[in-house]
Amino acid sequence: MQLKDQSRDELEQLLIAWGQPPYRAAQLWHWMYRKSVRDFEEMTDLPVDLRRQLSQRARLDACWVRQRREDPVAGTVKYAMALSDGLVVEAVALRYRDGVTACLSSQAGCRMGCSFCASGKSWERQLTSGEIIDQFLRIGEDLGGRRSSRVVLMGTGEPLDNYEAVLQAVRRLHDGTGMSYRSFTISTCGLVPGILKLAAEQLPINLAVSLHAVDDALRQRLMPRAARLARVDRLVAACMVYAESSGRRVTFEYLLLDGVNDRVEDARRLADLAGRVRAHVNLIPFNAIPGSPYRRSPPGRVAAFGARLREAGVAFTVRRELGAGIDAACGQLRQRGSGSEADVGQRSQ
Ligand code: SF4
């Protein structure tokens, strides 16, 4: 049994069934989430018999760092995390002046098939809540106990396509580490039912929506599955519901592709959509993938695009590239960790 797949109540029920008092669950929870220990023997306030029983019947580890690559300039660390069945997923630690952001994967592969993304070209399985949580805890360990202050579900996979496990992981990390819900961001390619379900939770979790195109025809080309599931207008309406119920500002992610979606008309329409939601816009420079038909927009076009947003009063940022030196882009390290030297990939979302 993987303990990080269990809620605190489930752990309590388990320990009661083993003849333990309920408060043992709080002690175990503390060791797992606050102390992040890897060995039941370190849980010194638990009785020896219980520690033995746990080591025989339960597991603490859901993933392991198989490979790490650090960008010597930005300090970004990219991890290939091995799962118990041998699959490998990616996680990234992004260092900022005010703390570390942990970027976690929610699936092994992705079913959405976005045309610019290497992760969308393969599908293995859903991650469990424990596997998502343990990526976060492993990063903390690797950084010498320095716990990340923010979590973004923006690694491999579409988080809202693994809704229950993702939300359980967020709730448990909130409960176990004391991090505020405002410290979590769920990034989606735009699954409207998932956005509305998350809105109904009424939690102040940040939502980032990968828009990447302002009209349905182009979105269909770039993100065929996501575009088939919801038209742009319906997606924007769902974002309005989310912003209203969560009290959080939605972010529109927009990958700038040379000659594809970076025209002034695109910026105008994007400003209109962002204005309806009062969304923040994050412009993302494209990291070239060998064999990809897409190229990065030239700096002048990025500047003109941003100027149009500014004129329209839309708040925007151009994503800092904190990992270019280590290929911090979705799919790349996983390919290497799996034994292939293929240097393919693009940041998820
Ligand atoms: S961009 Fe995100 S949703 Fe699209 S295929 Fe890649 S991982 Fe999946």
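**Domain contact and a serine**

Modeller: This is a predicted model. Between domain 1 and domain 2 there are 12 residue pairs in polar contact, both residues at pLDDT 80 or more.

Biologist: How many salt bridges across the interface of domain 1 and domain 2?

Modeller: The rule finds 4.

Biologist: What about arginine 8, which side chain does it meet in a salt bridge?

Modeller: Aspartate 175, with N to O at 3.4 Å.

Biologist: Back up a bit. Where do the domains run?

Modeller: Domain 1 is 3–57 and domain 2 is 63–337, by the domain assignment. Their centres, over C-alpha atoms, are 34 Å apart.

Biologist: How much area do they bury between them?

Modeller: About 1100 Å², with 41% of it on carbon and sulfur atoms.

Biologist: New topic. Where is serine 106?

Modeller: In the loop between β4 (99–104) and β5 (107–109).

Biologist: Buried or exposed?

Modeller: Serine 106 counts as buried, because its relative accessibility is 1% and the cut-off is under 20%.

Biologist: What is serine 106 in contact with, leaving aside neighbours within four places in sequence?

Modeller: Its contacts include Gln126, Leu127, Ile132, Leu153, Glu158 and Asn162. Thr156, Gly157, Pro159 and Val166 are also among them.

Methods
Residues numbered from 1 in each chain as written. Predicted model: local features only at pLDDT ≥ 70, side-chain atom pairs only at ≥ 80, totals over all residues. Heavy atoms only, no water. Domains from an automatic or database assignment. Buried area = accessible area lost by both parts, 1.4 Å probe. Polar contact = N/O pair within 3.5 Å; in protein donor to acceptor, adjacent residues only side chain to side chain. Helix = DSSP H or I, 4+ residues; strand = E, 2+ residues; numbered from the N terminus. Buried < 20%, exposed > 50% of the residue type's maximum accessible area, 1.4 Å probe, protein only. Contact = heavy atoms within 4.5 Å.
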